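Subject: Structure for your files

Hello,

The structure you asked about is below. My notes on chain B follow it.

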Amino acid sequence: MPYNQPHPAETRIISKRFGLPNSASLETFLATEGYAAIKKALGMTPDAIIEEMKASNLRGRGGAGFPTGLKWSFVPRTSPKPKYIIVNADESEPGTCKDRLLMEYDPHQLLEGMMIGGYTMGATYGWIYIRGEYRYLIDIMDRAIAEAYAAGYLGDNLHGTGFSFHIRTHTGAGAYECGEESALLESFEGKRGIPRIRPPFPAVSGAYQAPTLLNNVETFATVPAILLMGGAEYAALGIPKSGGTKLLCISGHVNKPGVYEVPLGFPMMRAIEELGGGMRNGKKLKAVVPGGSSCPMLTAAECDGLTLDYDALAKVKSMLGSGGMIVLDEDTDMVRVALRIMRFYQHESCGWCIPCREGTTWLKKLLTRFVGGAGTQSDIVMIGDLAKNMLGRTFCPLGDAAALPTISIIEKFRNEFEDYLTHGPKPRRQYLRDQAPVWQGQAAAIPVQPTL
Amino acid sequence: MQLSPQLESKFQSLLSNYPEDKKRSAMIPMLMYGQDELGSVTPELIVEVAARVGVQPLQVSEVMSYYSMLHPKPLGKFHVQICTNVSCLLTGGEELWDQACHRLGIGHKQATADGLISLEEVECIGACSWAPAIQINYDFHHEVTSARLEELIDGLTQKSHAV
């Protein structure tokens, strides 16, 4: 079971049911204020709910950090078209593993958030787009949905209010790009997951060209708590402009990697030292990926005194992203990390925009050459230039997501690239071996060509 | 195409998940569940799904080729997926990958001659805090060590003898 022990420094709002016996059951949910928020919501006007959402200062927890209340207010509720609710559960950003826990341990909380969204927008249907790899979570969500129907929390004319709401799960089939909202909608409609041109934004023209409220799992899961405690009180948990709490997924070279809920504005070094249990093997900190692999890398010096909130990270030209915090120790080979990140984005680029499709491919080639010991001084410059030329030139943020970490690594750890030039490839640490031989044709016994 | 009763009822329920005139949304889920039963996305399955969602088979093939979890050829009975993305890389994912390749004598997207095990180096599977992680079919295995990987592969081989 992927569950870590709670830490006293946490502020558990949306993770409060994690670790309870049978936490995914309706029974446990109802015993802990479950479905109290939707009852409260049904007595409120949609405008009042949106005002609470705005007051909460909740910002999109999927990575973009767009103010949720504002997004909710963009949906044209008076449109004659049907309105839809869609949850983005395509969690695939490297470093991120929080939505998994929210669905595994508290599926009803997510359903309740969707119901409140549905009531606010006047929607009758909602779907949860879950990445294909998370099949066991689809089963958990389906069970929770069935329980909610049986107990009268989903269905027609709920609680005699005339509000009808239906939820279904929808499986993805393996594509990082489908976590981007417009590509997700394409995929949801049974197409290749390529991004759409915006505007119009999904709020106005989303699923089936109808107004669609599309938020991340964590965002929807936070809605019940906001309605119960009130937007202002939720906002006060965090700091101005970054309201409430956020799940942090700490991974990499720490003693106690895990998922922890902290108020926004939490000091980064405290997260590493206290929640993460400090650096593994007593090593020194070298760098941190603050919020998933698409966020620019921070050096140890930059992390000192830094707080985890949207504005503080923007000030150091990085992002809080999805909260996927990867900690790298002093011995980490940053050139290899840069290559691994680029291999990921090259694999996941949907190929729609040329700067992304070609940029990621060439950057991967250059970095592969570097790691193989055949890099040149001009490659260092070219890597930086290529990456910078991708910025802002693609329909969706995947191009930027590939470029930003690369630029940060080449600027902040340029010396490591130069070390490769003067001393050749570094001796590898045990956990950080070379790329799998099959990729470089080093192991003669293993056939190289994929056959499946 | 004759579907098993279980798959037939799954297809019916998937089709009922979307508005009457938006059946195309069921295409990818149908391909996923169909593949689970048939072992791959067969040409017959493509034709069947196309007919049920009201598009041409070519449109299904076009969509299918985009998604990394939809396979036109059968995978091994046990599909071993090893993550080597950043969090797993920092904790030994690549070593596990090397070990699996050498142990099984196969590489990326290849299957053993008996069709029992196939291997794939995958991107982030959302287990970063419990890295290094691998997935065998849909089952997650967390904080995998070298010894644990051996055990898991031994287990797969034994399971096949038991059948």
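**Notes on chain B**

Among contacts in chain B between residues at least 6 apart in sequence, 58% join residues at least 24 apart; two residues are in contact if their C-beta atoms, placed from the backbone, lie within 7 Å.

This is a predicted model, in which local features need pLDDT of at least 70 and side-chain atom pairs count only at pLDDT 80 or more, while totals for chains, interfaces and linings use all residues. Residues are numbered from 1 along each chain as its sequence is written, and chains are lettered from A and ligands numbered from 1 in the order in which they are written.

Chain B has 7 helices and 5 strands, in the order α-α-α-α-β-α-α-β-β-β-β-α from the N terminus. Helices (H or I, at least four residues) and strands (E, at least two) are DSSP runs, numbered from the N terminus. The C-alpha trace of chain B spans about 50 × 35 × 25 Å along its principal axes.

In chain B, 53 residues are in contact with 62 residues of chain A. Elements giving two or more residues to that side of chain B include α2 (27-38), α6 (93-104) and β3 (117-122).

Within chain B, the axes of α2(B) and α3(B) (residues 43-53) come within 10 Å and cross at roughly 150° (axes are lines fitted to C-alpha atoms, for helices over the stretch in contact, and angles run from 0 to 180 degrees between N-to-C directions). The two helices, α2(B) and α3(B), are therefore roughly antiparallel (angles over 145 degrees). Where they meet, Met27(B), Met30(B), Leu31(B), Gly34(B) and Leu38(B) of α2(B) face Leu45(B), Val49(B) and Val53(B) of α3(B).

Regards

How values were computed. Parallel < 35°, antiparallel > 145°, perpendicular 65-115°, else oblique.
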